[in-house]
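Trainee: I am new to this one. Can you take me through it, step by step?

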Amino acid sequence: MTQAATERLSLRERLQRERGRVWVVGHRGAMGYCPENTLVSFERGLELGADWIELDVHLSADGALIVIHDETLDRTTNGHGLVREHTLAQLRELDAGQGQQLMTLPEVLEWARAKDVVVDIEIKNAPIFYDGISEAVVDVVKAVDMTDNVIVISFDHAAVKGVKQREPKIATGVLYACRPTDAGIGLARATGADAVLPHWAYVTREDVALAHDAGLAVAPWATSDPTILRNLITSGVDAIGTNHPDVLRNLLGGQR
Ligand code: G3P
Ligand code: CA
């Protein structure tokens with residue numbers, strides 16, 4: 001297949017056809033080096049060789065999709081309290097580290113479209129459950145013309161199912177931190193997901209093969225330990241989330 005033909009494929013198609021490559025997923029950008037989930041972290045992730053940029057989203061009081069990991073502001077910003085109790089204007093005033101502003105999902109997607117990078121969008125839907133967050137994410141992805149270049153994931157599998165129901169063309173994945181008895185195939189089938197995303201500790205070569213046989217990609221998270229990364233690569237996974245994208249990129253030979 002020519003390069004031009006490859007570029008026209010959606011991420012869903014590429015996940016099927018590009019078995020054998022390992023996508024480097026910059027976890028919260030490059031959080032091992034930069035304030036997580038900020039533009040400087042996303043830029044650094046790309047510089048260090050990430051193919052996908054992973055981020056987390058919550059909803060503000062006025063319905064904006066805010067890129068931040070926790071449901072509270074306290075750990076990663078100079079603000080306090082719940083994200084959902086603040087308006088976008090209030091959230092804009094906060095420092096998310098090194099003078100970085102919190103971003104909205106559309107802003108990051110616009111940046112990613114210009115850079116031609118895949119965005120791995122994690123819907124954070126617990127312990128706060130946001131009405132309509134799956135639909136809001138889908139509508140934003142479509143509005144910025146990124147349907148073919150994102151994967152939407154969540155520990156809240158109902159949210160994953162909601163994304164697929166609203167737009168089947170968007171790649172989706174189920175997150176979990178356990179070892180299901182069926183390599184996660186049942187979890188994926190229940191939601192229509194294209195990928196399973198186990199915590200790295202639960203990955204086995206056998207489960208990866210079973211998931212692949214079922215047509216599913218396997219994309220564990222998140223480690224920067226070279227020994228663990230090597231084992232994951234050997235097990236045949238398709239993507240790995242890491243806080244240090246350069247470490248994984250170097251293990252893969254440095255080629256994008
Ligand atoms: O990409 C999945 C991973 O980010 C899930 O865990 O807590 O880092 O969001 P967490
Ligand atoms: Ca995440």
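Trainee: Which residues does Leu 55 touch, not counting those up to four places away in sequence?

Mentor: Keep in mind that this is a predicted model. Leu 55 is among the residues that touch the most other members of the largest nonpolar core, which has 55 residues. Apart from that core lies another, of 15 residues, including Trp 23 and Ile 151. As for Leu 55 itself, the residues are Asn 37, Phe 42, Val 67, Leu 105, Val 108, Val 119, Asp 120, Ile 121 and Glu 122.

Trainee: Does Asp 56 count as buried or exposed?

Mentor: Asp 56 sits in strand 2, residues 52-59. Buried means under 20% relative accessible area. Asp 56 has 1% relative accessibility, so it counts as buried.

Trainee: With which side chain does the side chain of Asp 56 make a polar contact?

Mentor: Leave aside neighbours within four places in sequence. Asp 56 is then in contact with Arg 28, Asn 37, Ile 66, Val 67, Ile 68, His 69, Glu 122 and Lys 124. The polar contact, at 3.1 Å, is with the side chain of Asn 37.

Trainee: Is helix 6 parallel, perpendicular or oblique to helix 7?

Mentor: Helix 6 covers residues 133-143 and helix 7 covers residues 157-166. Their axes lie 8 Å apart, at an angle of about 45°. Angles under 35 degrees count as roughly parallel, and 65 to 115 as roughly perpendicular. The angle therefore makes helix 6 oblique to helix 7.

Trainee: What is the handedness of the crossing where helix 6 passes helix 7?

Mentor: Ser 134, Glu 135, Val 138 and Asp 139 in helix 6 meet Ala 159, Gly 162, Val 163 and Arg 166 in helix 7. The crossing is right-handed.

Note on methods:
Residues are numbered from 1 along each chain as its sequence is written. Chains are lettered from A and ligands numbered from 1 in the order in which they are written. This is a predicted model: local features need pLDDT of at least 70, side-chain atom pairs count only at pLDDT 80 or more; totals for chains, interfaces and linings use all residues. Side-chain values use heavy atoms; hydrogens and water are left out. A nonpolar core is a set of buried Ala, Val, Leu, Ile, Met, Phe, Trp, Tyr and Cys residues joined through side-chain atoms within 4.5 Å. Buried means under 20% relative accessible area, exposed over 50%, partly exposed in between (1.4 Å probe, protein chains only). Contact means heavy atoms within 4.5 Å. Helices (H or I, at least four residues) and strands (E, at least two) are DSSP runs, numbered from the N terminus. A polar contact is a pair of N or O atoms within 3.5 Å; within protein, one must be able to donate a hydrogen and the other to accept it, and residues adjacent in sequence count only if both atoms are side-chain atoms. Axes are lines fitted to C-alpha atoms, for helices over the stretch in contact, and angles run from 0 to 180 degrees between N-to-C directions. Angles under 35 degrees count as roughly parallel, over 145 as roughly antiparallel, 65 to 115 as roughly perpendicular and the rest as oblique. A crossing is left-handed if the near helix is turned anticlockwise from the far one by less than a right angle, and right-handed if clockwise.
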